[in-house]
Amino acid sequence: MATPDDCADEIFMPGGRLCPERITPPAMVALSESIRLARETRWESVRSPHVFMGLLSQPDASVRLWGERLQTDLPWLLRQFQNLFHQEDCEEEPVLSLNREFLSDNVIRLLREAMHRAMENGRTKITPMDLLISMLTSSRSIVAECFERLGITAAKLTEQAVIAEYAKREKE
């Protein structure tokens, strides 16, 4: 088991596993789902669209509120991303886990940006909204690019995510 000292300044433990003390349970569920969805879509590593799909697959209250604010059906959106990122040419189901070696450079950067965002907001753990907002504001976000192609700007998606996050906090 990780100790707080193992994860003091990093989101990964020395062996490469994610530090559980740095991730809220709902965010960990979404990240675990991203592993399942990467396997299902036949990728050999977890990419940022898989993290997005994980957030859609097991949405916490703030992600559900974000979807409502966008007037979108999250299960439908998940299916669209699964179809868009499905690969046919992989011969067998890849072996993946929540370990640094199975995460793309963009996902590692996303996790670090989410941790930075959490800390800027006075928290020590990454939430699903930290993941979503960090993903949407990244200059290299394929997820934001997919929405841009549909005419929905990353700024609009981010604005709605921040509003949803704030509204959820107000309810607590």
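The legends below describe close-up views of a predicted model. Residues are numbered from 1 along each chain as its sequence is written, and side-chain values use heavy atoms, without hydrogens or water. In this predicted model, local features need pLDDT of at least 70 and side-chain atom pairs count only at pLDDT 80 or more, while totals for chains, interfaces and linings use all residues.

**View 1. The largest cavity and its volume.** A search of the whole structure finds 1 cavity of 30 Å³ or more (on a 1 Å grid over the protein atoms alone, a set of points where a 1.4 Å probe fits but cannot get out). The volume, the space filled by probe spheres set on the points, is about 90 Å³ for the largest cavity.

**View 2. The lining of the largest cavity.** The lining residues (with an atom within 4 Å of a point) include Ser 48, Asn 106, Glu 113, Met 135 and Arg 140. Helix 5 (105–120) and helix 6 (128–137) are the elements that each give two or more residues; helices are DSSP runs (H or I, at least four residues) numbered from the N terminus. Helix 5 gives the most, with 4 residues.

**View 3. The crossing of helix 3 and helix 8.** The axes of helix 3 (residues 61–69) and helix 8 (residues 154–171), lines fitted to C-alpha atoms over the stretch in contact, come within 8 Å and cross at roughly 130°. Angles run from 0 to 180 degrees between N-to-C directions.

Technical notes. 1 Å grid on protein atoms, 1.4 Å probe; cavity = no way out; pocket = protein on both sides within 12 Å on 5 of 7 lines; lining within 4 Å.
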